[in-house]
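Hello,

Here is the structure I said I would pass on. Please look it over first, and then read the notes below it.

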Amino acid sequence: MAFIAAGNILLEYVIGGAAVARSWTSYFATLLNHQPNDFRIVAHSFSPNYRYLDPIAIVVLAIICVMAVMSTKGSSRFNYSASIFHIAVLIFIIIGGFIKADTKNYSDFAPFGVRGIFQASAVLFFAYVGFDAVSTMAEETKNPGRDIPIGLVGSMVITTLAYCLLAVTLCLMQPYTDIDKDAPFSVAFEAVGWGWAKYIVAAGALKGMTTVLLVSAVGQARYLTHIARTHMLPPWLAIVNEKTGTPVNATVVMLAATAVFAFFSSLDILSNLLSISTLFIFMLVAIGLLVRRYYVSGVTTTANRIKFIVFLALILGSSIATSLYWAISTNGWIGYTVTGPIWLLSTIGLWLFVPQAREPKIWGVPLVPWLPSLSIAINIFLLGSIDRASFARFGLWTLIILVYYFLFGLHASYDTAKEACSAKQMKNVEEGAVN
């Protein structure tokens, strides 16, 4: 399960970077008064979803790769200074958008109903990829026990607020049917008569996407480094350059994979696949939190372990049943009267009848088991709104990483563990500290 999670986190970063790189091309084209596909190569013999080849995305990713391998501190300074300009552009968009707002655009507030809202929410989940990048920087922060939770929660609150304000602004400026999918804000300002503003917006978007790509490059390389330290992946990926202090090999490999996706794949294919991976990972993290809090080998009694497994299975089963019922039944509601109470009673049972076996040392997720149980239910529910083709691609990727795991990764990590004879060395293997 850990390797499936790790493989999908890596996929999440690769696809997220590819999606942003292709969007970079779209806004760059807008800045030069062109259509996005004017800067792409059309391969007519390919499938429509993979026909528009994007060389600009490759160039941008190559530049990001050089920046990411040069210096972590330098990357942080660039992000810090560039973010000041980015915040100014966001404020301009929100204020300018409200000035040119037309409330008639909200007359049909939810044109696709509740089901449309949840379908959009499932796809929009790819926007939350960047938050877990904060946790990958734990090795390079002075006080991770304090700084990581502050950075994670703080950035999520600020960014969610910004997303909501920008969404409201965009839909007040233009009817939802007229919003451009490639460069929405630039086109919206041009549509309301502020043609000059689209250049400011496009420049701000390009800066923002460059920052996103840089943060993603730094985060995904550190994920790969941690996995390679246990020899689940080739250990040369864990090598840290002595001069720059960065994992050069891991950075280059991840961005090369990102470039392949960015060159071929359309944005809608990338966003749907990325949303499945993100929702799946968030669900696994919530399960992992419950396991970590409620089970400790040698501490948790057999009776409590059995109760924990039963309640967790009921939480998962009821959540999956709710999602399937939502996907299959368009107007039904009877199924929810069965699955909902099962989820609620299972969470209550876990709360009342299973004692927690571990307390967090510095900072811990509050409202356990309620918050992780709700996270499991919501993430699985949103998975029920994603199309079948995306699930097929997701299943294919999971199959590929499992084949690799059972044929190569499992044996290499086992050999590494066997070489560590003492208990202290074995602990180092588990914590990814063996080179």
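**Two domains**

The C-alpha centres of domain 1 and domain 2 are 33 Å apart. The assignment for the protein chain puts domain 1 at 16–266 and domain 2 at 295–357 + 364–386; such bounds come from an automatic or database domain assignment. This is a predicted model, in which local features need pLDDT of at least 70 and side-chain atom pairs count only at pLDDT 80 or more, while totals for chains, interfaces and linings use all residues. Residues are numbered from 1 along each chain as its sequence is written, and side-chain values use heavy atoms, with hydrogens and water left out.

Between the domains, seven residues of domain 1 are in contact with nine residues of domain 2 (contact means heavy atoms within 4.5 Å). The size of an interface is often given as the accessible area lost when the parts come together. Here the buried area is about 710 Å², and carbon and sulfur atoms give 70% of it. Buried area is the accessible area (1.4 Å probe) that two parts lose on being put together, summed over both. On the domain 1 side, Arg-115, Phe-118 and Ala-122 supply 72% of the area buried against domain 2, more than any other three residues.

**Helix packing**

Two packed helices are described by the angle between their axes and the distance between the axes. Axes are lines fitted to C-alpha atoms, for helices over the stretch in contact, and angles run from 0 to 180 degrees between N-to-C directions. Helices (H or I, at least four residues) and strands (E, at least two) are DSSP runs, numbered from the N terminus.

Helix H1 (residues 2–31) packs on helix H8 (residues 197–229) at an angle of about 160°, with the axes 9 Å apart. H1 and H8 are therefore roughly antiparallel (angles under 35 degrees count as roughly parallel, over 145 as roughly antiparallel, 65 to 115 as roughly perpendicular and the rest as oblique). The contact of H1 with H8 has 22 nonpolar, six polar and one charged residues. For these classes, Ala, Val, Leu, Ile, Met, Phe, Trp, Tyr, Cys and Pro count as nonpolar, Asp, Glu, Lys and Arg as charged, and the others, Gly among them, as polar.

H1 also meets helix H9 (residues 248–264): their axes come within 8 Å and cross at roughly 50°. H1 and H9 are therefore oblique to each other. Residues in this contact include Leu-10, Val-14 and Arg-22 of H1 and Met-254, Thr-258 and Phe-261 of H9. By class, the contact of H1 with H9 divides into twelve nonpolar, two polar and one charged.

The axes of helix H12 (residues 336–353) and helix H13 (residues 370–383) come within 10 Å, crossing at roughly 150°. That makes H12 roughly antiparallel to H13. Trp-343, Leu-344, Thr-347, Ile-348 and Trp-351 of H12 meet Trp-370, Ser-373, Leu-374 and Ala-377 of H13. This contact has seven nonpolar, two polar and no charged residues.

**Two backbone details**

Most residues other than glycine have a negative phi, and most peptide bonds are trans. His-231, which is not a glycine, has a positive phi of about 70°, and lies in the loop between H8 and H9. Val-368 and Pro-369 are joined by a cis peptide bond, with omega about 10°. Pro-369 is in the loop between H12 and H13.

Regards
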